[in-house]
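Visitor: I have a few questions about this complex. Can you walk me through it?

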Amino acid sequence: MPAADLLLVLVVLADFMVLGTSRLTTCIRAIALQGLMLGALPIALTQHWSLHIVGLAVGSTVVKSLVLPWFLRRAIREAAVRREVEPSIGFTLSLVLGIAAVAIAFGVSQRLPLPAGVSELLVPVALATVIMGFLTLTTRSKAVTQVVGYLMLENGIYLFGLTSTDRVPFLVEIGVLLDVFVAVFIMGIVVFHINREFDSLSSIRLTELRD
Amino acid sequence: MIAWTAIPALLLVLVVAPLLPGIATKTKSWLTGRRGPPVLQLYFDLGKLWRKRSTYSRTTTWMFRLAPLALLVTSVGAACLLPLDGRSALLGFRGDFIAFASLLAVGRFALVLAGLDTGSSFEGMGASRDATFATFAEPALFLGFVTLFLISGNLSLTGMLGVGAGLLSAWIGGGGHAAPALALITISLFLVLLAETSRVPVDDPATHLELTMIHEVIVLDHSGPDLACILYSSAVKLAVLGALVVGVLVPRTALPAPLTGLVFTGGLVLVAVAIGIVESVMARLRLSRVPQFLVAAAVLSTLGALLVLVR
Amino acid sequence: MTLFFLGLGLILAGGAFAWLLQRTRIADSVFALLVSLGCAAALIPAAGVLGGRTVAGVAWDLGPPTGIWAFDIDALSALFVAVVLGVGLAAVLYGISYLAPEREHRSVGGTHFLTALFLVAMALVVTARATIPFLIAWELMALSAYLLVVFEDEQREVRRAGLIYLAATHIGTLALVAMFALWGTHAGGFTFDAFSRSALPAGAGAAVLSLALLGFGFKAGLVPLHFWLPGAHAAAPSHISALMSGVMIKTGIYGLLRVISLIGGAPPWWSWTVLALGALSGVLGVLWALAQHDLKRLLAYHSIENIGIILLGVGTGALGIAYGRPALALLGFAGAVLHTANHAVFKSLLFMGAGTVFRATGTRAMDRLGGLARHMPLTWILFLIGSVAIVGLPPLNGFVSEWLVFLGMLQAGAALGPVRAAVLGAGVLALIGGLALACFAKVGGVVFLGEPRSESAAKGREAGPGYIAPMAALALACVAIGLLAPPAVRIALEVAATVAGAAGPARQDVIAPLTAAASGITVVSGGLVVLIGLAWAWRRMLERRRPSAWTETWACGYNGVAGRMQYTAASYAAPLLAAFARLSGIRVARAPGAFHTHPFDLVLERLVLPTWRRMAGTAEAIRPLQQGRLQTYLLYIVGVLLALLLYLWLGGAA
Amino acid sequence: MLLLALVLLPALGALGAYLHRAEARRTAWLVAVAAIHLALVTLVWTTPPPAVFSGWIAVDALGLIVLTLTSLLFFVAAIYTVGYLRRESPRGGRAFVSCVLAFLASVSLVALSHHFAVLWIALEASTLAVAPLIFHRRDRRSLEAVWKYLVISSVAIALALLGTFFLSTAQANSAGTPLLLEDLVADAARLHPAWLKAAFILLLVGYGTKMGLAPMHTWKPDTYGEAPSVVGALMAGALTSAAFLGLARINEVTTAAGISAFTRPLLLFFGLFSIVVAAAFVIGQTDVKRLLAYSSVEHMGLLAVGLGLGGVGAYGATLHIVTNGLTKGLLFLVLGNVILVAGTTQAGAMHGLAKRLPISGGLLLLGLFAVTGSPPSGVFISEFAILRAAFAEGHVWVGVVLLILLVVIFLGLATTILKIVHGTPERREPRESGWLVLGPIGLAAGVILLGIYIPAPLQSALRQAAAALGGVAP
């Protein structure tokens, strides 16, 4: 159990890293790190080993900490985009809101009746990650950061999914993983096109379509 | 439905009609200290016009020539629908008062079209005014009939004014507020008469300025027998509307037959005199005020109807 | 009913042939033949019902959700079928000639097909006995009419008029949809049979009646729901104007009558409302007509007026039921249905006349017309017959129905209680009659009499028999109904009896004396015709003895008359309009030496369009919601999520 | 096996299409696959196949309705695509056909899945299959559109995944296979209500976004505005219906669990709010495709309202899936024809369509009247049922608001579309290509047929589907 709790704390720290940094590469590194923790978590949480758990751990690790970060890095490599511009609410406020998110997550989890045998940290961390994913999505303007935010959101949900690993069949989890993989893959392609199409030094607004 | 007994009274009206404008003019002359034309002047005029030949404008069509005849037929037709002898009309049926008003309207429609047929803007002007004032006179006339219907409970003119109307008992305080209502509509009908027959204060038959005329200006182009028809029809119309006023004011069903004719003729003469008096004491209204005058008549009628309604 | 549907099928087939064969020479003849046959076939059962026979209704069960499709012809339906197909046939035949000159510019065959569809839809509207077929027929009618209105869609005005019409009719249809939905929910079924068997609770009944007034009121064009009507009628080709004005708007009246008969009467408040709306429509319709300079717009406003008169009848009849006076109900409804039929005949005639004038001169502006009587004598006589009829004068049909409406309102006065107040409506009807007379004197005088006011008016020549014959048929109908008042009145009363639900001796007590009284009308009208005829013969005889002289118009010393010097439509109407001040709906522009009046629709331009603009403004104001930033869009989702969680937290979780 | 074939056929077809290099062969392939798929669907109607994968993949009335609609629309779209690709040859045509087929596979899977996780996977897959199609034109605007679509849809679908997890948590104490629809419904009484409600909320937001319920509809105008018309037709007709199916599935569970009092007001609120938003944005809208997008928002709102009303409303909503799908397909394809000749989506730049392209012009007019619910279109019948439900279930105010909004939307749609249909055209076009009008004519015929008569098999399917959603047939 302590290993699992440690991993969960690291997940939250990775969230804060994304929120606090201005460098895109750091963002991607943070999400890769988070992916690594998520890959390790099924193993740390489980009481009885099975092929299901191992497969999930390997799959997650490969997709979330290796393939996707690599792909995102590639997507931004050609354009000289390295820095995120100031988020619309400022880095400090982002971090403060992140802390608030953690607090809310812990508060809410107190009230949720959970099935027995699940780490007490798991649900709050999942919720906090979801919220901070949303925070990233709604306050950052660079496309890459938004993909990172989406990944955080997915990671939070994945974490929640771990509460019911033993009830959700393996096939489903692989399907989910595959979908996320394809989603980010396509997003990456679009990010690549965005970076090529729009002047990379100007802040990317993408607000031509409107009423 | 058809009462042949009404024919003598009808003939009487048709004969006496041209006398009434003469009496009105004479009264007015006397009151203003002049001698005035003879009472029978209209008969002379009609006779003279009858012998002449007509002159037509090349602009006009058959409408222009039809109008005087239509006017004549409708005026006489309207007379057939009134119980002139105080008892029953030549032709009476449920809702005949609507036909009465409509017949007068047919004549007017033809006359207005004839005015426009000449293409002259003077006659167009007259047509416009005639149509305008007649429009406002219509509700007053109908509401008068409505009041009569409410009092008598009958839907034909014979029933409203003649046999079975019970106007006499109404006048002497029979049913509720019937007497004041009858008084109101008498006034209202008289005002309608003034307007429909183009007398002061709506129109001045004696005027000679085309821009101020109404009735006279429509018939500017009519001549000879056509004009005679028009003048005679106007006189008949005056007599018919006068007979209506007399019919309301003086119920004669209780009188013996010979006396009825006498009273009736006397009543018509009185109406003519009243017209003369009005003409001598009032000036012609401004044209834009005339609708108000007629609306006032309609208001009187409505008031009359309301008085009977709320019994 | 088989014959009826066969007839409708023939009409549709005629339309289809007109479309498919439009490049061939026989298209028109085939179309005319098939439509004539179809109308004749479908009219046979209707005539039978009016003659006292009964027709067995039909019903097909198509299963839910469209349910039972029932059709039937009772006396009310029969009268309207007669109106639809009788007038419709004349309009279609007229339309063949009327559209012939357009052949080079556009697909005339398509228009003929739509006209046939329009006719069939109207015939189905008045025979349908269940919700879904009724609404389908109703909408087919509305939409085919729309497509016909925008016949000349290259003109901006036409498109605008079409759009306004479409908007109005759609609102009306939705009101009816709501009405039927509500009614069916309470009645437990969607056939008219189910409606008539059920008793509505008071609240639902009030809602149904209000929605009926709204929905059918839009179609009928009563003030203030009339705003689509003048534009659409003016924009449509003339035979379509004739159909719309003469027949289509009457389906609104049909609807009201049908609803009354199904519910079994309406409460007093509703009847009074109808009566008041009738008075309002009548007076304002004719007043606004007087202000118009465009011949077809003028006629369109007269339709509003006549709808007002019809509604006075409907309101009186409804009052009769509401206050338990069957005689009153019979008279009111009889006036309404007879005037409906009459108006269909003479208004179609007038619109065709206007169309003939338009074809001859190329303009509908009255102030560019004049003097057409000389070169178009037949058109003029037919138009005059229409005019006399619409003004409600003897010896024509308009007089008969207005007589009935008058009698209805007076009959109210004979009763006791609050219903007596309806008698005052007679004054309003009289005013309407007076105004209508003034107005049609203007139309006839300005358009046909005097001197031409423009080159194009001078060029006008008499139209061919293809134009004249259908108009003559309608004119003949005007004369026939006018002179044969007793049978017309009897049929109207029988129809009214089906609406009022009156039966037995009570009904005969009313019908017999009234039919007798109507023979008085025949005497007056016949006498009028005969006497004027005699007077004319006598006068011409006299003229032969003393030949008349021909010269210029005297015109108080001016030398003759010139077209442009004549009194115009605007100046003719000015004193009357001045008396009504702002209500008259004209904008006056004065300049030294110039005086113009511009008529405009008070309701459309002061109420409807501003409301629409305000709505569009509001819509514009919330556009920034969709302002293009992805982050904001995501915030919406987060916001919704939080709000929902809060909802769960506060209320739902327990 | 038949059920698997319905999914695998287009999936393999997608791969196969990618291998074809010649465009003509690819489109022939597309039409062939579409036709076979449609034939298979017909087979499902005649001989209902057994469920596979222990009930995960099965066919029921509601799913069959969505499946048939999808297959039918797809077939029409495939025919249309033949004409479309002839006129406008896109870069990357290979990916186009493959993605379209992948879309068919995923939506078929949605319709057939009786397992919430499979449902989710399939819906997410359909989202992803569509994305490259939106980016078809490869310009800045379509780039922006696809980006917004991807992010919003992905976020929403992620929420739906969370909801699915919640659902499985709610099921912790009950028997049966986790997340299997039949088991959830059968043992609904023992679901944990709080978790179920939370799951419903998340699924409502998630699938609601995919449907395009306001205020989560924001991707719709951009996406529909930039996607090719064929794709628009498929998305507005089939994809939204599939997303609604997701919502309907959870609704089956909540109805069985007896928490309708909690879910129905939410459905009513989002339904009406969507219609309000659609009304506001339809007025004065000059871009025809965005106009259709808002119309789609409106109809999604109607579906939600029908579901939220229950009773006959559920029946109405089920029928509305079909009628709306056909109508949307018709409108998108016809407007596609317009855009092909006009070269723009701005209504101001097109006029005189009735004379320029008489068939398309007539169809557009018909589509306008159909989509606004004029009788005798099928949309009218379904809307009428929903309206009846409003009165019958005691939500009179819903009915009143609905009617007023329908008027406003009609005005907005009519103003813009009639501007296109009427007027004088700039030039006349040669005869219209049969490929481009055949499909829309078929759809129009279908829409009108449904307004008059509903065939017995469909009728009984609708009845069953309505019953599953806790409603009744009229």
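Guide: What follows covers confidence, chain contacts, helix packing and some backbone details.

Visitor: Start with the ground rules. What kind of model is this, and what cut-offs apply?

Guide: This is a predicted model, in which local features need pLDDT of at least 70, side-chain atom pairs count only at pLDDT 80 or more, and totals for chains, interfaces and linings use all residues. Residues are numbered from 1 along each chain as its sequence is written, while chains are lettered from A and ligands numbered from 1 in the order in which they are written.

Visitor: What ipTM and pTM does the predictor give the complex?

Guide: The complex gets an ipTM of 0.93 and a pTM of 0.95.

Visitor: And what is the mean pLDDT of chain D?

Guide: The mean for chain D is 91, and 99% of its residues reach 70 or more. The pLDDT is the predictor's confidence in each residue, from 0 to 100.

Visitor: Where in chain D is confidence lowest, and where highest?

Guide: Lowest in helix H14 (residues 353-356) of chain D, with a mean of 86, and highest in helix H12 (residues 288-309) of chain D, at 95. Helices here are DSSP runs of H or I with at least four residues, strands are runs of E with at least two, and both are numbered from the N terminus.

Visitor: Now the interfaces. Which pair of chains has the most contacts?

Guide: Chains B and C, among the four pairs of chains that touch. Two residues are in contact if their C-beta atoms, placed from the backbone, lie within 7 Å.

Visitor: How many residues is that on each chain?

Guide: On chain C 69 residues are in contact, and on chain B 67. Within the chain C side, H21(C) gives the largest share, 15 residues. Other elements of chain C supplying at least two residues include helix H17 (425-448), strand S3 (549-551) and helix H22 (569-580).

Visitor: What is the make-up of that side of chain C by class?

Guide: There are 48 nonpolar, 15 polar and six charged residues on the side of chain C that touches chain B. Ala, Val, Leu, Ile, Met, Phe, Trp, Tyr, Cys and Pro count as nonpolar, Asp, Glu, Lys and Arg as charged, and the others, Gly among them, as polar.

Visitor: How many residues do chains D and A put into their contact?

Guide: Chain D gives 29 residues and chain A gives 30. H6(D) contributes the most on the chain D side, with 17 residues. By class, that side of chain D has 20 nonpolar, four polar and five charged residues.

Visitor: How far apart are chains A and B?

Guide: Their closest C-alpha atoms lie 55 Å apart, and no contact joins them. Chains B and D have no contact either, with their closest C-alpha atoms 41 Å apart.

Visitor: On to helix packing. At what angle do H6 of chain C and H16 of chain D cross?

Guide: Helix H6 (residues 156-187) of chain C and helix H16 (residues 378-392) of chain D cross at roughly 55°, and their axes come within 9 Å. That makes H6(C) oblique to H16(D). Axes are lines fitted to C-alpha atoms, for helices over the stretch in contact, and angles run from 0 to 180 degrees between N-to-C directions. Under 35 degrees counts as roughly parallel, over 145 as roughly antiparallel, 65 to 115 as roughly perpendicular and the rest as oblique.

Visitor: Which residues meet there?

Guide: Among them are C:Val177, C:Ala181 and C:Leu182 in H6(C), and D:Phe384, D:Leu387 and D:Arg388 in H16(D). The contact of H6(C) with H16(D) has eight nonpolar, two polar and one charged residues.

Visitor: Within chain C, how do H1 and H4 cross?

Guide: Helix H1 (residues 2-20) of chain C and helix H4 (residues 108-125) of chain C cross at roughly 165°, with axes that come within 7 Å. H1(C) and H4(C) are therefore roughly antiparallel to each other. Their contact has twelve nonpolar, six polar and no charged residues.

Visitor: Last topic, the backbone. Which peptide bonds are cis?

Guide: One of them joins B:Val200 and B:Pro201, with omega about 10°. B:Pro201 is in the loop between helix H9 (178-196) and helix H10 (215-218) of chain B. Another runs from D:Pro375 to D:Pro376, with omega near 0°.

Visitor: What is phi at C:Ala581?

Guide: Near 50°, a positive value in a residue other than glycine. C:Ala581 lies in the loop between H22 and strand S4 (586-591) of chain C. Most residues other than glycine have a negative phi, and most peptide bonds are trans.
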